[in-house]
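My entries follow in the order I looked things up.

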Amino acid sequence: MTLDVVIRPVKQADFNSIVPWIRKETWPANADILAIYQAQDPGGFLVAEHKQHGVIGCVTFIQLDDSTTMIGLFIVSEEHRGEGVGRLLWNEGYRRNADRALCLVASPHMASNYRSKGFTQIGTNVEEYLGFPDITKLPDVLTNEQHSYKEYSPEYFDKLLDYDTSVHIIQRKMFLEMYVNLKNSKTVVCICNDGEVLGYACLVQLDTNAYLLGPVLCETDNIACNLAIHVLKYLPKGASLAVYIEDSKTKFKDLMTQIGLERGKVYPRMETSTFMIQNPMHKMYASSTMSTVII
Ligand SMILES: CC(C)(COP(=O)(O)OP(=O)(O)OC[C@H]1O[C@@H](n2cnc3c(N)ncnc32)[C@H](O)[C@@H]1OP(=O)(O)O)[C@@H](O)C(=O)NCCC(=O)NCCS
């Protein structure tokens with residue numbers, strides 16, 4: 001069967017079609033976050049456009065650096081699944097990236113499919129925690145550390161970027177800039193006595209009453225919990241919260257459970273080589289999207 005579908009780079013107008021699919025999957029993205037992907041690698045965010053039905057699927061093959069590509073947001077609208085649209089998207093993304101190291105965070109049911117394509121599971125899984133948290137159950141800030149926790153303001157940007165760059169393999173100026181400036185979002189920064197940044201956490205509004213805690217990137221368990229305690233004070237009453245947590249981060253997960261979030265799906269992290277991706281994980285507590293390395 002020939003499909004009446006072309007694969008092309010995304011346009012901003014396509015976000016209206018894509019956002020409802022990803023919200024239904026409870027993936028942590030909204031139009032602003034899609035714009036971040038598009039800006040990072042405009043040719044790597046692909047959509048499938050059907051002659052009659054318009055945009056019916058997408059995938060991102062975002063080139064992070066000279067050698068590594070992060071795959072994400074692989075989705076086809078429900079009414080067109082099983083027709084080969086996903087394969088067209090995948091093949092086109094793969095064609096442009098065949099000679100590169102590929103990594104992704106897989107939906108659990110797709111893991112065997114990726115294995116058959118040469119991916120292996122690496123490092124930690126990403127666990128989804130969801131619910132309507134009771135913020136009154138947040139403990140007081142843990143320990144008597146000598147750090148302070150400040151609401152983000154532009155004066156912190158350069159130090160925040162230095163910190164972020166020291167952890168990640170890629171320079172994420174554009175992401176960080178867009179992230180800390182997302183509408184209705186809050187970022188809290190942990191600063192040590194000498195003024196150095198030791199981590200940060202973002203609370204992002206995904207939808208009218210739906211929020212995402214992440215990224216949470218910092219030096220220690222205690223700082224991660226304290227960052228969460230500070231930034232969650234900005235969560236509106238009655239709002240839902242999603243957090244995507246590295247499965248090794250027990251204390252942070254305990255805190256999320258304590259306020260009433262429940263564990264959902266477990267997403268295996270996979271890649272075609274063991275080239276990278278491990279590096280940031282020990283400092284990454286909660287990721288903001290499935291694509292931990294990107295955002
Ligand atoms: C995964 C998805 C994008 C595939 O798109 P599609 O148009 O339905 O898929 P196609 O019919 O073109 O098949 C594409 C490939 O995906 C595989 N696939 C599709 N659905 C699958 C499923 N539920 N479980 C395992 N493999 C699946 C097919 O076997 C095929 O593999 P192949 O190319 O190695 O032969 C689509 O089913 C979807 O949107 N699912 C919900 C979102 C999701 O889970 N995305 C994956 C994130 S890792």
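Buried means 20 or more other C-beta atoms within 10 Å of the residue's own, exposed means 12 or fewer, and partly exposed is in between, with C-beta atoms placed from the backbone.

I then listed the contacts of Leu-227, leaving out neighbours within four places in sequence. They are Tyr-149, Val-188, Cys-190, Gly-199, Tyr-200, Ala-201, Val-216 and Cys-218. Contact means C-beta atoms, placed from the backbone, within 7 Å.

**Ground rules.** I am reading a predicted model, where local features need pLDDT of at least 70, side-chain atom pairs count only at pLDDT 80 or more, and totals for chains, interfaces and linings use all residues. Residue numbers run from 1 along each chain as its sequence is written.

**Domains.** The bounds of domain 1 (5-99) and domain 2 (127-287) come from an automatic or database domain assignment. Their centres, taken over C-alpha atoms, are 26 Å apart. Twelve residues from domain 1 and 15 residues from domain 2 make the contact. On the domain 1 side, helix 2 (residues 31-40) gives the largest share, four residues. By class, that side has four nonpolar, five polar and three charged residues. Ala, Val, Leu, Ile, Met, Phe, Trp, Tyr, Cys and Pro count as nonpolar, Asp, Glu, Lys and Arg as charged, and the others, Gly among them, as polar.

**Whole chain.** I noted nine helices and 13 strands. Both are DSSP runs numbered from the N terminus: helices are H or I with at least four residues, strands are E with at least two. The radius of gyration is 19 Å, close to the 19 Å of the globule rule for 295 residues, so the chain is as compact as a globular protein of that length. The radius is taken over C-alpha atoms, and the rule is 2.2 Å times the number of residues to the power 0.38. Of the 295 residues, 45% count as buried.

**Ligand.** Which residues come nearest to the ligand? Of the 16 around it, I found Val-76, Arg-81, Gly-86, Arg-87 and Ser-107. The shell takes in a residue if its C-beta atom, placed from the backbone, lies within 6 Å. Strand 4 (68-76) and helix 3 (85-97) are the elements that give two or more residues to the shell. I counted six nonpolar, six polar and four charged residues there.

**Strand 4.** Ile-71 is in this strand. Ile-71 is buried, with 26 other C-beta atoms within 10 Å. Beyond four places in sequence, Ile-71 touches Val-59, Thr-60, Phe-61, Gly-93, Leu-102 and Leu-104. Leu-73 is also in strand 4, and its phi is positive, near 45 degrees. Leu-73 is buried, with 25 other C-beta atoms within 10 Å.

Most residues other than glycine have a negative phi, and most peptide bonds are trans. Asn-184 has a positive phi of about 60 degrees. I placed Asn-184 in the loop between helix 6 (173-180) and strand 8 (186-191). A cis peptide bond joins Gly-214 and Pro-215, with omega about 0 degrees. Pro-215 lies in strand 10 (residues 210-218).

Technical notes: Two residues are in contact if their C-beta atoms, placed from the backbone, lie within 7 Å.
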